[in-house]
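Here are my notes for you, point by point. Keep the model open while you read, and click on each residue as it comes up.

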Amino acid sequence: MNIEELLNKYFEGETSCEEERELRHFFTQGIVPKHLKEYSPLFAFLEKENRQAKTTDTEPATKQRRLRRHAIYTLSGIAAGLLLLLGIAGIHRHLNAMPDSYVIIDGKCYTDENLVREQAMAAFRNVSLDEDELLDSLFGE
């Protein structure tokens, strides 16, 4: 197929990738007939863009992209860990819930109201003072 037919197909939007590659190659090689010279800048530009696209697609990830990706992975890992700790703490709190009312006497936890009342009355009896003892302890002579 000659170049003029390919050009007509190109402008009609009916060319394949291989045919467009052939057109770019023809117009960037330098030997172009005078009546087709007006298309040379177009295909030169397309060839240049094609080369740039290939080099940017095949370049490895830049250092900045790698750092950004690393930071995202690190932060998401930290967030997942915190959520896990909060979940464990919430479950632990509900499984080991303390009763609403309790008293600690001599390092032991008591929840029985009657036992607590008896212990309190015994403690009050041990510290009860008569009026003279109270005045002596407050104003000690």
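1. A quick definition to start: two residues are in contact when they have heavy atoms within 4.5 Å. Also, this is a predicted model, in which local features need pLDDT of at least 70, side-chain atom pairs count only at pLDDT 80 or more, and totals for chains, interfaces and linings use all residues. Residues are numbered from 1 along each chain as its sequence is written, and side-chain values use heavy atoms, with hydrogens and water left out.

2. Let's begin with helix α1, residues 3-12. Helices here are DSSP runs (H or I, at least four residues), strands are too (E, at least two), and both are numbered from the N terminus. Which residues of α1 are buried? They are Ile3, Leu6 and Leu7, where buried means under 20% relative accessible area, exposed over 50% and partly exposed in between (1.4 Å probe, protein chains only). Looking down the axis of α1, these buried residues fall within an arc of 105°, so they line one face of the helix; the arc is taken from the directions from the helix axis to the C-beta atoms. Asn8 and Glu12 are exposed on the other side of α1.

3. Now the ends of that helix. Asn2 caps the N-terminal end of α1, with a side-chain oxygen 2.9 Å from the backbone nitrogen of Glu4. Just after α1, Gly13 has a positive phi of about 80°.

4. Thr15 deserves a click. This residue sits in the loop between α1 and α2 (17-28), and Thr15 is buried, at 13% relative accessible area. Leaving aside neighbours within four places in sequence, Thr15 is in contact with Leu6, Lys9, Tyr10 and Glu20. With Glu20 there is a side-chain to side-chain polar contact of 2.9 Å. A polar contact is a pair of N or O atoms within 3.5 Å; within protein, one must be able to donate a hydrogen and the other to accept it, and residues adjacent in sequence count only if both atoms are side-chain atoms.

5. Stay with α2 for Glu19, which lies in that helix. Is Glu19 buried or exposed? Glu19 counts as buried, at 17% relative accessibility. The side chains of Glu19 and Lys9 are joined by a polar contact of 2.9 Å.

6. What about residues 71-91? An unreviewed UniProt entry annotates them as "transmembrane region"; UniProt positions are given in the numbering used here, feature names are shortened, and annotations may be inferred rather than shown by experiment. In the model, this stretch is 100% helix and 0% strand, with its end C-alpha atoms 30 Å apart.
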